[in-house]
Amino acid sequence: MIQKVIIFDFDGTVADTLDALVVIANRLAEEFGYIPIAPEELALLRNLSSREVINYSGISVFRIPFLVKRVKAALKNKIKELKPILGIKEALIKLKSEGHRLGIITSNSQENVRDFLNANELDNLFEFIYSGVTIFGKTTIINNVLRQKQIKLQEAIYVGDETRDIEASKKANIKVVAVTWGFNSQEVLAQQNPDFLINHPSELLEVVKKC
């Protein structure tokens, strides 16, 4: 079996952080000048791309980096209480046992990610964690990781739950697996034409064999 480097998004892909993030975002809405998310709106937002979500919220693009910083700080108080996506731990353990290298690229903080991994006994599975604040994509971060880790394009697979993950992976010329258990819906993810679209973490094992 050919060894792959499988790079995971964190929020919504590995960690079940959606509910906590919505609570924090609503608490900061007035301060940052955007509309709080009503429960019935969440289904609508899941069908929007990352750019469309920002436009819908009404927040200034220039304020997003400051908002992200505040959200990460607030999440720090809850991160150890949060749990992995159902089935992801077993899939990660299996992928690691098969000799694949695992990493994380996230807009969350490294500290939050490490605290979560330690609390859920996942800390020994990941070779690297890269954090960066991005508004619309992660292409630059992906390219930096590939260069620094000397990863060939054909070795890399990105796994994420948002349209921006698909866009960034395509721009970086690596395979991308979109997952439907996170933020964006299956319909809007499919519109971005990922290499693979899966509904449960256990499907990762077969997908990796096809890459």
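This is a predicted model: local features need pLDDT of at least 70, side-chain atom pairs count only at pLDDT 80 or more; totals for chains, interfaces and linings use all residues.
Reader: Why are Ile88, Ala91, Leu92 and Leu95 in α5 called buried?

Author: A residue is called buried if its relative accessible area is under 20%. In α5, Ile88, Ala91, Leu92 and Leu95 are in that class.

Reader: How do you know where the buried residues of α5 lie around its axis?

Author: Looking down the axis of α5, we find its buried residues within an arc of 100°, so they line one face of the helix. The face turned away from that buried side carries Glu90 and Ser97, which are exposed. To be called exposed, a residue needs over 50% relative accessible area.

Reader: What do the buried residues of α5 pack against?

Author: Their partners are β1, β2 and α10 (204-210). Helix α5 (residues 88-97) lies across β1 (5-8) and β2 (101-106), and it runs at about 155° to β1. Helix α6 (residues 110-119) also packs on the sheet, where it touches β2 and β3, and its direction makes about 145° with that of β3.

Reader: What is the order of the strands in the open sheet?

Author: The 6 strands follow the order β3-β2-β1-β4-β5-β6, with parallel pairing.

Reader: What makes β3 and β6 edge strands?

Author: Each of them, β3 (128-131) and β6 (196-198), pairs on one side only. From one strand to the next, the twist averages 20°.

Reader: How do you know that β5 pairs with β6?

Author: Two strands pair if there are at least two bridges between them. Strand β5 (residues 175-179) and β6 have 3 bridges, in the parallel sense, so by that definition they pair.

Reader: How many bridges join β4 to β5?

Author: Strand β4 (residues 156-160) is joined to β5 by 4 bridges, and the two run parallel. Here isoleucine 157 stands opposite lysine 175 in β5.

Reader: Why is β5 described as largely enclosed by the rest of the structure?

Author: The count settles that: 4 of the 5 residues of β5 are buried, so the strand is largely enclosed by the rest of the structure.

Reader: Why does serine 107 count as buried?

Author: The cut-off for buried is under 20% relative accessible area. Serine 107 has 16% relative accessibility, so it counts as buried. You will find serine 107 in the loop between β2 and α6.

Reader: Which residues does serine 107 touch, not counting those up to four places away in sequence?

Author: Serine 107 touches Val68, Lys72, Ser131, Gly132 and Arg164. For aspartate 195, the C-alpha to C-alpha distance from serine 107 is 23 Å, and the two are 88 residues apart in sequence.

Reader: What makes the chain as compact as a globular protein of its length?

Author: First, the parts: the secondary structure of the chain comes to 10 helices and 6 strands. The radius of gyration is 16 Å, close to the 17 Å that the globule rule gives for 211 residues, so the chain is as compact as a globular protein of that length. Along the principal axes, its C-alpha atoms fill a box of roughly 50 × 35 × 30 Å.

Reader: What share of the chain is buried?

Author: Buried residues make up 53% of the 211 residues. The chain exposes about 10,300 Å², and carbon and sulfur atoms supply 52% of that area.

Key. Residues are numbered from 1 along each chain as its sequence is written. Side-chain values use heavy atoms; hydrogens and water are left out. Axes are lines fitted to C-alpha atoms, for helices over the stretch in contact, and angles run from 0 to 180 degrees between N-to-C directions. Contact means heavy atoms within 4.5 Å. The radius of gyration is taken over C-alpha atoms; the globule rule is 2.2 Å times the number of residues to the power 0.38. Buried means under 20% relative accessible area, exposed over 50%, partly exposed in between (1.4 Å probe, protein chains only). Accessible areas come from the Shrake-Rupley method with a 1.4 Å probe; for residues, only the protein chains shown count as cover. The arc is that of the directions from the helix axis to the C-beta atoms.
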